[in-house]
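Please examine the sequence and the three-dimensional model shown below.

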Amino acid sequence: MVRPRLLVVSMSLPVTAKRIGEESWSFTMSPGGLVSALLGLKEFETKWIGWPGVDVHDAIGKKALSVALAEKGCIPVFLEEVCDQYYNGYCNNILWPIFHYLGTPPEYRNDSTITYQSQYDAYKKANQIFFDVVKEHYQEGDVVWCHDYHVMLLPQYLKEYNSKMKVGWFLHTPFPSSEMYKTLPSRSELLRSVLTADLVGFHTYDFARHFVNACMCILGIEATSEGVVDQGKVTRVAVFPIGIEPERFINTSELSEVIQYMKKFKTDFGGRKLILGVDRLDMIKGIPQKYQAFEKFLEENEDWRGKVMLLQIAVPTRNGIGEYQKIKDLCHGLVGRINGRFGSISSVPVIHLDCSIAFNQLCALYAITDVLLVTSLRDGMNLVSSEFVACQKAEKGVLILSEFAGAGQSLGAGALLVNPWNIKEVSTAIGEALTMSPEEKERKHQINFQYVKTHSTQQWADDFMKLTFTNNLCSKLNEITAKAELQNGKFPHELPQHDVVQQYSKSKNRLLVLGFYGTLTKLDKNQVRRGDGMNLELHPQLKEKLKALCSDPKTTVVVLSRSEKSRLDKIFGEYNMWLAAENGMFLRHTCGEWVTKMPEHLNLDWIDGVKHVFKYFTERTPGSYFETSETSIVWNYQYADAEFGRAQARDMLQHLWAGPISNASVDVVRGGHSVEVHAVGVTKGSAMDRILGEIVLHNKSMTAPIDYVLCIGSFLGKDEDVYTFFEPELTKKTKSSSPSSGGGSPKKVSSTVVDLKGENYFSVAVGKTHTKASYFLHSSDDVVQLVQKLCTQNNA
């Protein structure tokens, strides 16, 4: 079978060339996240186009290098004439600082030949050179995947050459907020070029949201659920968190040579705990902040002096830029100060290496590391975190991870998240990591290891290629604008079960409105960890008692749930009761058919889009899950780590509020441990009119009004209007309705349908003590006990 061809275009090739003779070259593997990620791309015949890392001025050398690289599937781009002002100039002196929130640097004052315009001209010329090489090697049907800010003009050049060419562009750095991006010279030209691509990808929703907002603010164009629309063309904007090839690291860690390195390093380190840092030496990696935090830790923890060491591997990059020499000098100064204060003749607390190390040695260090310390000030992803997790096998280490690294959203649940600017916070985290129990280390490791194993580079590439090839797939950027509503509640009393039972026994026509999730269910946490969170089951002790309750001719039972019809059918199909699915949008008695109570002209186009957002956060929040129905979607993190779940929910809400489908008729509601998106007006309280109308229609022979209502649920804040619906002072007016076919206004019927006295109405919240309900129960186990008492009263 012929594999599809993929042309990967990036600034650098995956190998760095070194000339060892007039016609001979040697190669070393280049460092960097993109190289690590694309090593796992096996399903495509891949050709990699990029700069070889060295200037070649003679024809003989260029030809020899091209031939040697061809054997490695690489095609060189020679940039001699523009390399300095292109790479060191516009890319690294202008684009890179803005994308990492460092601001726009001033123009050179001592050289009139180096200006913003001259650097941008070099940038355009370099992108044209990349285009010429792609055009030379392009074959019909190839997919061209452009990478990073170095080639932002390339998509436009390619599309102008061949409008049918499949072109994707992926950014490996953060994309800044629109306010920061506005400071960029030539900002509009770069955006318009990127928008000519078929698919634009980012590591996180933050970066994608910033890009979309920049397009809207600067270009004045429209954002939709598909991405961005520019002059009638839709560019899909999607999120693809990059991974590694985990098996490569796992297998390498088991090699005998690596095991020998592990033993040697442990001996060399003299039994001290090892804190490891592996970073490029540049401004955004936070190496000085790391040293300051370690210094503070040693200052405040005298007992740890001589027992812990920090090994920092600082891979040099961009040596031609003065700012990098400054950061290098700063790091050396801090290392000297710390070693001078806390070192001894036999050992020093900090070892700083201005070089990369062999891959096998790196894996050995990962495997024996007690704490991996990542203090990035801004980072696209940071794959070092994933590499560390993959290599850990025997004694598990702890990951301390900057919240400003893209990996924080993916690996945060199994890490200690820190603000690298807060030196005290990082110092405290070091202490926590060094003293963490083996059980907690193992738990955190398993969370992250599972993520790293399943979110590999292969999946990252497959997702991008799938979306590039398929025209009918919805964009993974599915953010919505809505307002979070938290209902004001009151503090209820614990339910007086004796009174509930007593009034139940005296009444003649009872209505029991029961929620499902959290009320009639008992979810096993292990079920969620296995990924079965949506397979909710009826509480095992309720089955027979509930059936007996439903069989009482004086009692009407309604299960009012946000769950879809099929689930309620499966669980309650054999009971004599009413089922109200999707918050009352669909209604049926179990002896009849489903009746649709959906308002007319209800637009549900947003469902698939929001589903992708919820899926993204579910994969990155262990213990969470989401439910999808025809009119709503709910993300639940009740069984996730509480602090991390709340942080993820806040992040999710930002995306939902600031997304491109701001005109959708939806509400976004944050519950205690959930986020729900639903069609406007879809609440349990608004459904009660329709439900009562159907009950009246079904039971035409009803001679006595409903004189007892027990309403129990674990409802979201916006659904608690169901509690106030039955307040006795309201039911003295008019309360129910005859059925209507759709969304028309319900017709009022006689107030004799519901005739409640205060002592005969009980609104009960399960597991909540701040609610609109008058009473509360602690858990679904209490609901079971109450149902058992009511059944006993029936049998009396």
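Which element supplies the largest share of the lining of the second largest cavity? The model is a predicted one, in which local features need pLDDT of at least 70 and side-chain atom pairs count only at pLDDT 80 or more, while totals for chains, interfaces and linings use all residues. Residues are numbered from 1 along each chain as its sequence is written, and side-chain values use heavy atoms, with hydrogens and water left out.

Rolling a probe the size of a water molecule over the atoms shows where empty space is left. On a 1 Å grid over the protein atoms alone, a cavity is a set of points where a 1.4 Å probe fits but cannot get out, whereas a pocket is an open set with protein on both sides within 12 Å along at least five of seven lines; a lining residue has an atom within 4 Å of a point. Points are joined across faces, edges and corners, and a volume is the space filled by probe spheres set on them.

The second largest cavity holds about 70 Å³ of space. Its lining includes Phe388, Val389, Lys444 and His445. Two or more lining residues come from each of α14 (384-391), β16 (398-402) and α17 (438-454), these elements being DSSP runs numbered from the N terminus (helices H or I, at least four residues; strands E, at least two). The largest share, 3 residues, belongs to α17. The largest cavity has a volume of about 110 Å³; among its 14 lining residues, Tyr517, Arg562, Lys684, Ser714 and Phe715 lie nearest its centre.

The second largest pocket contains about 940 Å³ of space. It is lined by 32 residues, and those closest to its centre are Glu403, Gly408, Leu417, Phe644 and Ala647. Helix α24 (642-657) is one of the elements that supply at least two lining residues, and α24 gives the most, with 7.

Turning to the sheet, 9 strands form an open, mixed arrangement in the order β18-β32-β31-β28-β19-β20-β21-β22-β23, where two strands pair if DSSP finds at least two bridges between them. The edge strands, β18 (493-494) and β23 (595-596), each pair on one side only.
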